[in-house]
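Please read it with the sequence and the structure open.

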Amino acid sequence: MTDQEEKIPEPTVPTPSPTWDLTSTISPYLDLHMMFPLLEFIDSAIAENKTSYNSQDVAAARLSLLRPTHMVDYAMDIYRELNGEDADVPAEMEEQKTKVYDKLEELREGCKEFDELSNNANERAKLMEANQWSIEGLIAANVTTLEVIDLYRQLAKFNYDCGDYQTSRDMLNVYLSLHAVGGTLVSKDDKKEEEDNRYKHKDAEETPDESGPAVGNPALYNLPTSLLRSEPKLLEVLWGKLSCEILLGQWPDARVALRAVQTTIEDLAEQKVLKPLEALHQRTWVLHWSLFVYLNPQCQNSDMDGLLDLFLGEKYLQAISTHAPHLLRYLTSAILLSKRRKNAMSSGSSDRGYRAKIPEGNKLMKDLLKIMRECGTIETTSLSTTPATTDPIVQLIECLLVKFDFDAAQEKLIECEAVLQTDYFLCIQSQSFMEEARIQIFEHYCRIHHKIEVKTLAEKLAMDTSRAEKWIVDLIRSSTLLNAKIENECVVMGFAGSDKVSVYEQVMEKTKDL
């Protein structure tokens, strides 16, 4: 390696363009409380000079989000942050605080006895043993009334609006248990059971004849599906429970809650309780909320298979193409991060965690291109003069697999690094994404070249030459499918018998999986 090549600098990561930030795009599909973690992430990005936003704008946005909630003390703190610690809090905020505390006390008084009962484990056990821990059983035993139970539900929602997610979650669990068969919530994070049961709960399995006992659906906390059809408020409660699990960072429970919401939406849509457009809107919300469950940076292990299983469902693909093409960023990232593993799994090794319905890696990439075309996010004609999307992650795949423009792919790769660093859901995957993206560029570039200078490859991979050489050596050593070697500062690809076939046949062979 010459001194001149060793001094080639690594490309500088650009400042992310505001058009790359999806915070404002996804916000209409999130609960207001879910926006606070995103704004906190933006604050940290500002502190590290990774974004062009400023702290004052973020604080103003946070205050605007707080106004419809009951988190008055928090709103007052943000107001002082914006206007100075000695600033007088507006009279309307003080008035709102008084109203919030008065309403909270009113709700607590209205369901005080039932709240105390629900927190008494011994009394609850006795009622369950007597088969009275249900709305009908408690009313028949003159323990409480339907109005009190509804006040209890309202109190759970009010606590949530006040930012007390733990109390709200506990109360929602109690409320759901009153509707569950046997008075006990079934909450299992069993992926195989989920795969077998999702969207397949038929009336004959869950709702016997009217004279027989109700049968709970294990995908719905043991709630009877027929009850969900007649009680629309229960879907709101399930959404509320999912939100609490997300905001509390209870990821296994959040996966179960997400499954319950999905199952309910699909059943209500199938039974025509939800109109097609309403179901489409609900699925769009599920897609956005699932980002927290499957890609949250606070979660130790991102569940790429879970995200792919959801996003690649036919009805959810329809929601993406019609309402949320911006979510292709996350679908593209999940496929890219899973491609090599799925190729390895489908090449012979069996993995109990592998979902047979998800295609192997190369097929996933082909499906992704089809989805991108349906969403209109990649150019379908060479006459296009403006890009169909400005998302560098989507454009990277377009440059690589549609246009075969490796120079443009190199530029997009550098932009991808900036996008990843400022994306709340993908920041933890930044290093893995860049690694997999470079492997994709390397593999596709080598498919159409027999001999490539390391320096040239380094430029395509957005790396300095010395680092690129080490990276290529490590890749060749670790790969069982890559037939290549480095000699005379060049990467030489080995293709058995390539000198006996035409150039046309070689190109067709090397690009057949693109």
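This is a predicted model: local features need pLDDT of at least 70, side-chain atom pairs count only at pLDDT 80 or more; totals for chains, interfaces and linings use all residues.

Residues are numbered from 1 along each chain as its sequence is written, and side-chain values use heavy atoms, with hydrogens and water left out.

**Overall make-up**

- The protein has 27 helices and three strands; helices (H or I, at least four residues) and strands (E, at least two) are DSSP runs, numbered from the N terminus.
- Of its 514 residues, 48% count as buried, where buried means under 20% relative accessible area, exposed over 50% and partly exposed in between (1.4 Å probe, protein chains only).
- Among contacts with a separation of 6 or more, 66% are between residues 24 or more positions apart; a contact means heavy atoms within 4.5 Å.

**Helix packing**

- Two packed helices are described by the angle between their axes and the distance between the axes.
- Axes here are lines fitted to C-alpha atoms, for helices over the stretch in contact, and angles run from 0 to 180 degrees between N-to-C directions.
- Helix H5 (residues 72-83) and helix H6 (residues 91-110) have axes that come within 10 Å and cross at roughly 165°.
- H5 is therefore roughly antiparallel to H6; angles under 35 degrees count as roughly parallel, over 145 as roughly antiparallel, 65 to 115 as roughly perpendicular and the rest as oblique.
- The H5 and H6 crossing is left-handed, a term used if the near helix is turned anticlockwise from the far one by less than a right angle, with right-handed used if clockwise.
- On the H5 side the residues in contact are Val72, Asp73, Ala75, Met76 and Tyr79, and they meet Met93, Glu94, Gln96, Lys97, Val100 and Tyr101 of H6.
- Helix H10 (residues 146-161) packs against helix H15 (residues 233-247) at an angle of about 35°, with the axes 11 Å apart.
- Asp150, Arg153 and Tyr160 of H10 make this contact with Lys233, Val237, Ser243, Cys244 and Leu247 of H15, and the crossing is left-handed.
- H15 also packs with helix H17 (residues 276-295), at an angle of about 20° and with the axes 10 Å apart.
- H15 and H17 are therefore roughly parallel to each other, and their crossing is left-handed.
- Leu235, Trp239, Leu242, Ser243 and Ile246 in H15 meet Gln282, Trp285, Val286, Trp289, Phe292 and Val293 in H17.

**An enclosed helix**

- Helix H18 (residues 304-311) is largely enclosed by the rest of the structure, because eight of its eight residues are buried.
- The buried residues of H18 are Met304, Asp305, Gly306, Leu307, Leu308, Asp309, Leu310 and Phe311.

**Loop residues**

- Ser134 lies in the loop between helix H8 (121-129) and helix H9 (135-140), and its relative accessible area of 17% makes it buried.
- A polar atom of the Ser134 side chain lies 3.0 Å from the backbone nitrogen of Gly137.
- Asn131 is in the loop between H8 and H9 and is exposed, with a relative accessible area of 69%.
- Asn131 is not a glycine, although its phi is positive, at about 55°.
- Tyr221, in the loop between helix H13 (203-206) and helix H14 (225-230), has a positive phi of about 60° and is not a glycine.
- Tyr221 counts as buried, at 2% relative accessibility.

- Gly361 belongs to helix H21 (residues 361-375) and is buried, at 0% relative accessibility.
- Gly361 and Arg341 are 20 residues apart along the chain, and their C-alpha atoms are separated by 7.5 Å.
- Ile452 lies in strand E1 (residues 451-453) and is buried, with a relative accessible area of 3%.

Definitions and conventions:
A polar contact is a pair of N or O atoms within 3.5 Å; within protein, one must be able to donate a hydrogen and the other to accept it, and residues adjacent in sequence count only if both atoms are side-chain atoms.
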